[in-house]
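The stops below run from one selection to the next.

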Amino acid sequence: MFGLIARSSSRLLTQTRTVSRLARTNPLSSLSGVHVSHRTLSSATEEPEEVSSLPDNRFEGVGQPFDKQIAGILSQPLDDAEVILERGGTLKVSEEYYKDTLNKAFGVGGWALVPCGEIKDLDLSESGEQKQFVTLIREYSLYCHERFVSQAFGETPFYTGKQYYSDATEKIKFSALTRCCKDLGIASELWNKRWSENWKSKFAHQEWVENTTNSRKSQLWKRKDEDWTWPYKKTTFQKSY
């Protein structure tokens, strides 16, 4: 009697180990949704195995052109009024611009930005240097009409204790969306250096300003049709010897 119980227990243990081993070698078989987690990268530790959240046939239909109506929406010239000028001179458009263009081209719900892996921390500070922030990154894939379009990393600096983690993850997503939409031609002018320089020569200029919170002076960009707002005020630059 006890021998029969022992043999049954042994077979059950063997089957359990086999199932566990198969689940590790084929993680998608046990996943019903997107795998979301967060970890820190370190060159001194061994990398854990990545768990993909995407199906094996994720590249099916790649390279097939969209119809002319969709292509016409995606390739529309960028309206000058949509361009946002950052103080450092970088040109961009809003997150709403990308999403509105995708909705017009593919319909609401006809596209999706799918995470490919986990959010990772990149500590870029020098050894012994006080850590002020980490860079958060995550890879995403853009699908339109159930077809793979592009794949890119999004990233953002994260200052612990000075901003919400949820806001930082949204910035990662927007960063990836911007890069993926480049392959569709949306706001592709922003990636053209000559176009950007021509836009700034028409609509913007640099001026010396003072930051009223710390009295620091710097040369920043602004649109010609806008005034300086707090904490900046226009000033003159006097070279000191």
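Select Arg179 and Glu155: their side chains meet in a salt bridge, 3.9 Å from N to O. A salt bridge here is a side-chain nitrogen of Lys or Arg within 4 Å of a carboxyl oxygen of Asp or Glu. Arg179 sits in helix α4 (residues 165–182) and Glu155 in strand β7 (residues 147–158), so the pair ties together parts that are 24 residues apart in sequence. Helices (H or I, at least four residues) and strands (E, at least two) are DSSP runs, numbered from the N terminus. Arg179 is partly exposed, at 32% relative accessible area. Glu155 is partly exposed too, at 40%. The classes are buried under 20% relative accessible area, exposed over 50%, and partly exposed in between (1.4 Å probe, protein chains only).

This is a predicted model, in which local features need pLDDT of at least 70, side-chain atom pairs count only at pLDDT 80 or more, and totals for chains, interfaces and linings use all residues. Residues are numbered from 1 along each chain as its sequence is written, and side-chain values use heavy atoms, with hydrogens and water left out.

How many salt bridges does the structure hold? There are five. Go to Lys92 and Glu86 for one of them: N and O are 3.1 Å apart. Color the two by accessibility. Lys92 is partly exposed at 33%, and Glu86 is partly exposed at 33%.

Now select Arg223 and Asp225. Their closest N and O atoms are 3.3 Å apart, and the two form a salt bridge. Is Arg223 buried or exposed? Arg223 counts as buried, with 13% relative accessibility. Asp225, in contrast, is exposed at 60%.

**A charged patch**

Select Asp79, Asp80, Glu82, Glu96 and Asp100, and show the surface. Together they form a negative surface patch. Patch members have over 30% relative accessible area and no salt bridge; like charges are joined within 9 Å, and nonpolar side chains (Val, Leu, Ile, Met, Phe, Trp, Tyr) within 5 Å. Asp and Glu count as negative, Lys and Arg as positive; His and the chain ends are not counted. Glu96 belongs to helix α3 (residues 95–106).

**Contacts across the sequence**

Phe203 lies in helix α5, which spans 193–203. Phe203 is partly exposed, at 26% relative accessible area.

Ala187 is in the loop between α4 and α5. Ala187 is buried, at 1%.

**Cysteines**

Select the sulfurs. A disulfide is a covalent bond between the sulfur atoms of two cysteines. How many disulfides does a search of the whole structure find? The search finds zero. Cys116 is in no disulfide; its nearest cysteine sulfur, in Cys180, is 8.2 Å away. The cut-off for a disulfide is a pair of cysteine sulfur atoms within 2.5 Å. Cys116 counts as buried, at 13% relative accessibility. Cys180 is buried as well, with a relative accessible area of 0%.

**Backbone stops**

Select Trp230 and Pro231: the peptide bond from Trp230 to Pro231 is cis, with omega near 15°. Pro231 is in the loop between β9 (216–223) and β10 (232–234).

Move to Glu146. Glu146 lies in the loop between β6 (134–144) and β7, and is exposed at 80% relative accessible area.

Finish on Ser215. Ser215 is not a glycine, yet its phi is positive, about 65°. Look for Ser215 in the loop between β8 (204–211) and β9. Ser215 is exposed, with 51% relative accessible area.

Terms used: Accessible areas come from the Shrake-Rupley method with a 1.4 Å probe; for residues, only the protein chains shown count as cover. The place of a charge is taken as NZ of Lys, CZ of Arg, CG of Asp or CD of Glu.
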